Amino acid sequence: MREYCRAAVLALVSAALTQTAQAQSLQHVIVESFTLSADTLRARAGAPFHLLVTLRLRGRVTDIENLQLPLLASLQVLGDTRTIGSSARGTLYREVVTVSGPGGTVAISPATFDAIDARDGKAKEYSTNPLELHIQPTATPPRSLALLARALIVGGVATALLGLFLIWRASRPRVVRREPEPKPEPERPPTAQELLREALETLAADPTRRGALRARNAVRRMVGARDGETLADVIDRAAQLDRRLVIALPALERAAFTDDEDLAGAISGAHEALKEASR
Amino acid sequence: MNAKRPGDVIVALHETIVGQRGVVEALLLGLLGGGHVLLEGPPGLAKTLACRALAAALEGEFRRVQFTPDLLPSDIVGTRVFDQREMRFTTMLGPIFANVVLADEINRAPAKVQSALLEAMQERQVTIGPQSFPLPDPFIVMATMNPFDTDGTYQLPLAQMDRFLLRAAVGYPDRKEELTILERFAMSETELVRAVASMPDVLAWRAQAHGVHVEERLKRYIVELVAVTREPHEFIEHGASPRATLAIANLARAKALLAEREYAIPDDVRAVAPLALRHRIDFSYRIATEGVSADRVLESLIAAVPPP
């Protein structure tokens, strides 16, 4: 609980700092994209996961100012890492916030970035997309089972102590070797099928151009598309690409770029192609 | 969709032209985009044959004009002559009155001849004496330039180059293609392709290409591609004009139509951008002195703009 209060206080301090930042001069930049995502949409209660804020700017920028993270009061903030890299192709700023939370649905408001658009000289507030996460609660065993488990543990410990004592007696002065403690299982990255299903669910939940673009981005990420790569690059490079994905990718491209009259048909086509690919 | 497809013309052209896929596609893109094409390459690379074959595939009228230093504007557009039997002036229309006109080695003629041709290309009509004559529709000029043999040539100014919808570089065939050329043409006369479409088909395709959808984010991508050529660059004096923006959009639509799509995608734009931009950018002299390839510079500029 103390951690949640700490997070809320951090967010309030962050909001107060925003006011100060606005009073200062804003950066002149050209924002190409600004997104908020999570490394999983199926987090488990208490298990850490990551929120990722990505800001792409044109040109070389060495520092990012006036970027406000969303209010994370309902989550426990465990850590925060920022990286910034720039090349001739532009600047990429990433902020990874490690969080965990209780079970239930968590709605995260957009992150914001105040800057002056270098193209028209106007001060703007850029926002990411909002995010909704479903954190699965951990199952609690029934009380009778818990009592039984406790009795078994106590009995087991007593038996183990007795056994140890007997072994010690029998084999003195031999040293009893301790087994290494098992390491906690690392967080499993989502599989291709899970990402495909995620794209499918995104398109089903939001059958609009925006939803189609999000599904397209999810599938492009899944096949390892790099920034600046077009559909032809992805298909050419991934020679081992599943034939069903070779059908799904152009279908998503159609949904992303066709005219409004054809959009419903294109989204339906992309949905079918994704369904086929996720089988 | 029209029953005859633009792709049929490409297939037909490849029955005569060996290799040169980029050039054949560029000719079709120019035809569908309603613009004129500049072909740059050494002699003997089937530039003339490609233009003749295109005219034959479309049942169109083809004329070739060899540009020379002593050529006059009237040699292209036509002139008025006095008919002594009729005792009146009659108009002799020049070779420009054709559907497909090949202006061979356009940079060998002086500026006044070049501008006479380029004005006709722009206005799509010619005025001889007191009378104006509309050029046939469709009307496409394919001009060639030899980049190696520059003695006795007149460089086309940037403003005139801008009137060409696209510029395509014609390269040498590879060994396999050259072997095919040897087998196909060494012993016999070159046979032109059969007609696979007609001029009304071309007009219908152009209307279809005009209706191809270009999404808002794709339009912004096009604008960014042109804008990046105007940013300060060590090898660029002047960037491309807004005509380049229109040209890229037109060519992307044509490219989408060739792929039988009714919407353009980022691949279309990225593929046609070098064709529309290369001749519209004023590269600095340092390109020549430092041995830098203009194509490479353009490639890096295009790569610097992330597609949507």
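This is a predicted model: local features need pLDDT of at least 70, side-chain atom pairs count only at pLDDT 80 or more; totals for chains, interfaces and linings use all residues.

Leaving aside its neighbours within four places in sequence, which residues is B:I128 in contact with?

Modeller: Once the neighbours within four places in sequence are set aside, B:I128 is in contact with B:V77, B:G78, B:T79, B:R80, B:T91 and B:F133. The residue itself sits in strand β6 of chain B, which covers residues 125–128. Around B:I128 there are 17 other C-beta atoms within 10 Å, so B:I128 counts as partly exposed.

One of those contacts deserves a second glance. B:T91 is 37 residues away from B:I128 in sequence, yet the two C-alpha atoms are 7.5 Å apart in space.

Let us move on to two strands of chain B, β3 (residues 78–83) and β4 (residues 88–93). They run antiparallel and are joined by six bridges. As an example of this pairing, B:F82 has B:F89 in β4(B) as its bridge partner. The two strands form a hairpin with four residues between them, where B:M87 takes a positive phi near 60 degrees. None of the six residues of β4(B) is buried, so this strand lies largely in the open.

For a contrast, look at helix α3 of chain B, residues 47–57. This helix is mostly covered, with eight of its 11 residues buried. Those eight are B:K47, B:A50, B:C51, B:A53, B:L54, B:A55, B:A56 and B:A57. What do they pack against? Their partners in chain B are the helices α1 (6–16) and α2 (21–33), together with the strands β1 (37–40), β2 (62–66), β5 (100–104) and β8 (140–145). Just after α3(B) comes B:E59, with a positive phi of about 55 degrees.

In the largest nonpolar core, which has 121 residues, the members that touch the most others are A:A270, B:V37, B:A57, B:L166, B:I248 and B:L251. Helix α10 of chain B (residues 242–258) gives the most to this core, with 10 residues. Apart from this core lies another, of 24 residues, including A:L67, A:V97, A:I108 and A:A111.

Beyond its neighbours within four places in sequence, A:A270 is in contact with A:L203, A:A212, A:A215, A:A251, A:L252 and A:A255. A:L203 in helix α3(A), and A:A212 and A:A215 in helix α4(A), are also among the residues through which these two helices meet. Helix α3 (residues 192–205) and helix α4 (residues 209–222) of chain A pack at an angle of about 175 degrees, and their axes are 8 Å apart. The two are therefore roughly antiparallel to each other. By class, their contact has 11 nonpolar, two polar and two charged residues.

As for chain A as a whole, its secondary structure comes to seven helices and nine strands. Chain A has 279 residues, of which 23% are buried.

Finally, here is where the two chains meet. In chain B, 13 residues are in contact with 13 residues of chain A. Helix α11 of chain B (residues 266–277) gives the most to the side of chain B that touches chain A, with three residues. That side of chain B has nine nonpolar, one polar and three charged residues.

Note on methods:
Residues are numbered from 1 along each chain as its sequence is written. Chains are lettered from A and ligands numbered from 1 in the order in which they are written. Two residues are in contact if their C-beta atoms, placed from the backbone, lie within 7 Å. Ala, Val, Leu, Ile, Met, Phe, Trp, Tyr, Cys and Pro count as nonpolar, Asp, Glu, Lys and Arg as charged, and the others, Gly among them, as polar. A residue is buried if 20 or more other C-beta atoms lie within 10 Å of its own, exposed if 12 or fewer, and partly exposed in between; C-beta atoms are placed from the backbone. Two strands pair if DSSP finds at least two bridges between them. Axes are lines fitted to C-alpha atoms, for helices over the stretch in contact, and angles run from 0 to 180 degrees between N-to-C directions. Angles under 35 degrees count as roughly parallel, over 145 as roughly antiparallel, 65 to 115 as roughly perpendicular and the rest as oblique. A nonpolar core is a set of buried Ala, Val, Leu, Ile, Met, Phe, Trp, Tyr and Cys residues joined through C-beta atoms within 7 Å.
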